[in-house]
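The stops below go one selection at a time.

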Amino acid sequence: MSSPTTPLACKPVPESVPPVEPCTLAIFGGSGDLARRRLIPAVYNLLLDGLLPAKYAVIGLGRKPMTDDEFRNLVKEGIGKHSRQALAEDTWATFKNHLFYIQGENEDAQTYATLRAKAEEVERAMQLPGNRIFYLSIPPSSFASVCEGLAQAGLATSAPTASPYSRIIVEKPVGRDLGSAQQINEVTGKVFDESQIFRIDHYLGKETVQNLMVVRFANSIFEPIWNHKYIDHVQITVSESEGVGTRASYYEEAGALRDMIQNHLLQLLCLVAMEPPYSLDPNVVRNAKMEVLRCLRPIVGKDVEQYTVRAQYAEGIAHNQPVPGYRREKGVNPNSTTETFVAVKAFVENWRWSGVPFYLRTGKALPKRASEVAVQFKDIPQILFNANPSTPQPANVLTLRIQPDEGLSLRIISRVPGTRAQTHPVEMDFQYSDVFGCPSPEAYERLLLDVMAGDASRFMRRDAVEASWDWVTKILDGWAQQKLRWLPEYQAGTWGPVEAERMIEHDGRTWRIL
Ligand SMILES: NC(=O)c1ccc[n+]([C@@H]2O[C@H](COP(=O)([O-])OP(=O)(O)OC[C@H]3O[C@@H](n4cnc5c(N)ncnc54)[C@H](OP(=O)(O)O)[C@@H]3O)[C@@H](O)[C@H]2O)c1
């Protein structure tokens, strides 16, 4: 694989962007952490890149009392600290005039009357057509109240093709098991048509995640070998270096399986395993992913012992800081059985993937923050360069790095220069930043733009959310039946518990060191 020596000209959004109409973005949870660190900086970056429509407004909602100016100051600080591109005073001077704030409880009908009045006032003043996007950046316990409040105030039009449009973005977690996910889907589905609902999994907005489809379907060399005949196994790792930090109350209720596997890792698995979609139409792509979820072998009852490992971090060094064991973290129940690490051996039971394990692994307080998909090909026959069983040749591995250093590498075996017939594995490596010369847009930038354009390809459809919860809930039920009072532990700053090593070593394989 060769890469151009000179970086390509920097284009912020490489794919063609459908026309984006002027719109009003109302963020429930506008005073919260996600809005400040990710959402509003994303809107700001779209503006800097010339991708926002000329006319737009952002209305933040929250319980904290704030004036528009106080909200603008909060946003400015967030952009200053978290924006991909630096705060430019001249752009800020224009941007801030498009930001507004409303104080209100999600459960109070008055909030929606105020929102409607404010939206109409702003839209009149800014000559906006009344296209509205509602972002639920709030705890899921408020989703139902917001949907009902929007409907009662006449803020939501349920006709999918209505003009002006109304759309809703649902942040994760969409539930904590199959039943609660179905409930959330019911309440949003009562008010909005499925085509108006954008369930966000920000992993699907990441550059390398999008590149998975391009690698597979824009290159002729991969498809013929992308199956059980040539692939030995797949490892998908999403590792976090930090401990639970200040998010203990959320994490205690979630755990690694719900927080990461149900959404990010299963979505990655779908992109690796899906059949080639016949077009890029959002529903065609989502149908192909859905087929993978349907083929996942359920892990039920006692199978959890063989196919899953869960654990908690013990005292150690994480993210260069000493951390106490998980059960000693502030806000964590000292008898907690919430897992901070999970490894799963999954199988996609179809013709293409028959017998190929997909090893999924995620955890907190691991040695580094990194995510990758590694496709390991089968060993070569034990002849020629692989004739000596005591020194087996390492297998070929295609690795897609999602973060950090987004890119792709292929491990091949090469001859060591010299007179002896010696071989050595080498990496052919490609990094986005080397070739394209500019940092990729943040996932939230791309995803917000998709919602404005009405393109749902990179969002989770209801059936996919429920299918992945169905699979995950069976594992949760199996765990509940185990009635464990203590989970295995791993020292913070290491790659997980010995039980996870044993699970993969039992199959004659090893986890990758990232
Ligand atoms: N932070 C992340 O990186 C991240 C990533 C993925 C998903 N999420 C999810 O996104 C949601 C928001 O996360 P966050 O980190 O921004 O949480 P946060 O900092 O706690 O903010 C929550 C926001 O919701 C508002 N809120 C909560 N209950 C409300 C109510 N009853 N009525 C009106 N407003 C209410 C809060 O208003 P006040 O603060 O004014 O009271 C605040 O603006 C959560 O569900 C979280 O799980 C967060």
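Start with helix α6: select residues 178-191. The helix has 14 residues and reaches 20 Å from its first C-alpha to its last. That is close to the 20 Å expected at 1.5 Å a residue. Bear in mind that this is a predicted model.

Now colour the buried residues of α6. They are L178, A181, I184, N185, T188 and V191. Look down the helix axis: these residues cover an arc of only 160 degrees, which puts them on the same side of α6.

What sits on the face turned away from the buried side of α6? Select G179, E186 and K190: these exposed residues are carried there.

Next, show what covers the buried residues of α6. The cover includes two helices, α5 (143-152) and α14 (462-482). It also includes the strands β5 (166-170) and β6 (197-199).

Stay with α5. Its buried residues are F143, V146, C147, G149 and L150. Seen down the axis of α5, they fall within an arc of 165 degrees, so they line one face of the helix.

Which elements do the buried residues of α5 pack against? Select the strands β1 (23-28), β4 (132-136) and β5, then the helices α4 (109-126) and α6. β5 is also part of the cover over the buried residues of α6.

Step just past the end of α5 to G154. This glycine takes a positive phi of about 70 degrees.

Finally, zoom out to the whole chain. It has 15 helices and 17 strands. Along its principal axes the C-alpha trace spans about 80 × 55 × 45 Å. With 514 residues, a compact globule would have a radius of gyration near 24 Å, and the chain agrees, at 24 Å. Colour by burial: 43% of the residues count as buried.

Take the contacts with a separation of 6 or more: residues 24 or more positions apart account for 79% of them.

Technical notes:
Residues numbered from 1 in each chain as written. Predicted model: local features only at pLDDT ≥ 70, side-chain atom pairs only at ≥ 80, totals over all residues. Helix = DSSP H or I, 4+ residues; strand = E, 2+ residues; numbered from the N terminus. Expected span 1.5 Å × (residues − 1). Buried ≥ 20, exposed ≤ 12 C-beta atoms within 10 Å, placed from the backbone. Arc of directions from axis to C-beta. Contact = placed C-beta atoms within 7 Å. Rg over C-alpha atoms; globule rule 2.2 N^0.38 Å.
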